Amino acid sequence: MSFADIWLFLQQGVWSGLVTGSVYALLAVAVVIVFKTTDVPNFAQGEIFMVGGYVALFMILVLGWHYAVVIPATLAAVAAICALFQRVVMERVIRAKGVGVQLVIATLGLAYVLKGAVRQTGLGDAPRSLPALISSDTVVIGDAVLTRLDLMILFTAVAVMLALYVLFNHTRIGKAMRAVGMNPRASQIVGVSLVRIRMAVWALAGLISAVSAILITPKILITPDIGHVAILAFAAAIVGGITSIPGAVVGGFIIGVAENLVGLFVSTNAIVVAPFLAILIVLIVRPQGILGGKAQVKKV
């Protein structure tokens, strides 16, 4: 392989990795914000992402709605599902003094319910994809070849990340979410409603998942089993720092670029190994993640 080929593959791998990594980053942020406020990993994250894709698909194929209506309706529907789950299920487990294992099992139950519901609709009988939001004309950046859809995915994902930055740093509800994530008891003392904030966090996680689904499903085929993408979201969150939102973004891009470079330089069969290899390296070198802050020791 000549230097020119290596340079070509490197550019293509990085740009393609940034596109897929932007989606992983959004899903990782959804994982992190739920974990920070509840101390529970959301194992239904992949299924929430999957439902976002199928809700949009149902509105387009069955109801015949235009994207201008489908996008806000999908975001609202998935956010409502997540908020309702938090209020009806998770909050009751918390009030019953449920431990972490019971909360984790509740998220697993949500995952199976969502997957079963999609299978019952009949839309999950065959792999499907959403119609493209824009044309798939190619765009050349350096020596890398992308499509207009790729650029839309990347730019939209980055715009959502910037909006989240503004939300968490310059709005009252965003600051309340951060406060609950840091110290729930102190937040409650100063008047923050833990119930409302937890509902808002789950709704936000659902909204982010729906955005991710709408962005990427015109590019890939979706099935009821596509929820395994959550593994990559968790990988990104662990690499960046499971309690760090900026870390989740960095981890998402790292996982996306690593996957594409491994697929180009090593083998497509090795792509599935790349995220776990990244996790192992980070856990050995910096267990708390790249932006996870100082390692903490807790008594058990």
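Helices here are DSSP runs of H or I with at least four residues, numbered from the N terminus. This is a predicted model, so local features need pLDDT of at least 70 and side-chain atom pairs count only at pLDDT 80 or more, while totals for chains, interfaces and linings use all residues. Residues are numbered from 1 along each chain as its sequence is written, and side-chain values use heavy atoms, with hydrogens and water left out.

Back to threonine 74. At 0% relative accessibility it counts as buried. Buried means under 20% relative accessible area, exposed means over 50%, and partly exposed is in between, with a 1.4 Å probe and protein chains only. A polar atom of the threonine 74 side chain lies 2.7 Å from the backbone oxygen of valine 70. Leaving out residues up to four places away in sequence, threonine 74 touches Gly52, Val55, Ala56, Met59, Ala210 and Ile214; contact means heavy atoms within 4.5 Å.

Next, the charged pairs. How many salt bridges does the structure hold? There are five, a salt bridge being a side-chain nitrogen of Lys or Arg within 4 Å of a carboxyl oxygen of Asp or Glu. One of them joins glutamate 47 and lysine 115, at 3.9 Å from N to O. Glutamate 47 sits in helix 2 (residues 45-61) and lysine 115 in helix 4 (residues 100-121), so this pair ties together parts that are 68 residues apart in sequence. Glutamate 47 is buried, at a relative accessible area of 9%.

Lysine 115 also meets aspartate 225 in a salt bridge, at 3.7 Å from N to O. Aspartate 225 is in the loop between helix 8 (194-216) and helix 9 (229-240), 110 residues from lysine 115. Arginine 119 forms a salt bridge with aspartate 225 as well, their closest N and O atoms being 2.9 Å apart. Arginine 119 lies in helix 4, so that pair ties together parts 106 residues apart in sequence. Arginine 119 counts as partly exposed, at 40% relative accessibility. Through shared partners, salt bridges join Glu47, Lys115, Arg119 and Asp225 into one network.

Now helix 10. This helix covers residues 245-265, 21 residues in total, and reaches 30 Å from its first C-alpha to its last, close to the 30 Å expected at 1.5 Å a residue. The expected span is 1.5 Å times one less than the number of residues. Its buried residues include Ile245, Phe253 and Glu259. What do the buried residues of helix 10 pack against? They pack against helix 1 (3-38), helix 5 (148-170), helix 9 and helix 11 (274-285). At the start of helix 10, a side-chain oxygen of serine 244 reaches to within 2.9 Å of the backbone nitrogen of glycine 247.

The largest cavity is lined by Ile33, Lys36, Thr37, Phe168, Met177, Arg178, Gly181, Val201 and Ile245. A cavity is a set of points, on a 1 Å grid over the protein atoms alone, where a 1.4 Å probe fits but cannot get out; lining residues have an atom within 4 Å of a point. Helix 1 and helix 6 (172-182) are the elements that give two or more residues to the lining of the largest cavity.

Definitions and conventions: A polar contact is a pair of N or O atoms within 3.5 Å; within protein, one must be able to donate a hydrogen and the other to accept it, and residues adjacent in sequence count only if both atoms are side-chain atoms. On a 1 Å grid over the protein atoms alone, a cavity is a set of points where a 1.4 Å probe fits but cannot get out, and a pocket is an open set with protein on both sides within 12 Å along at least five of seven lines; lining residues have an atom within 4 Å of a point.
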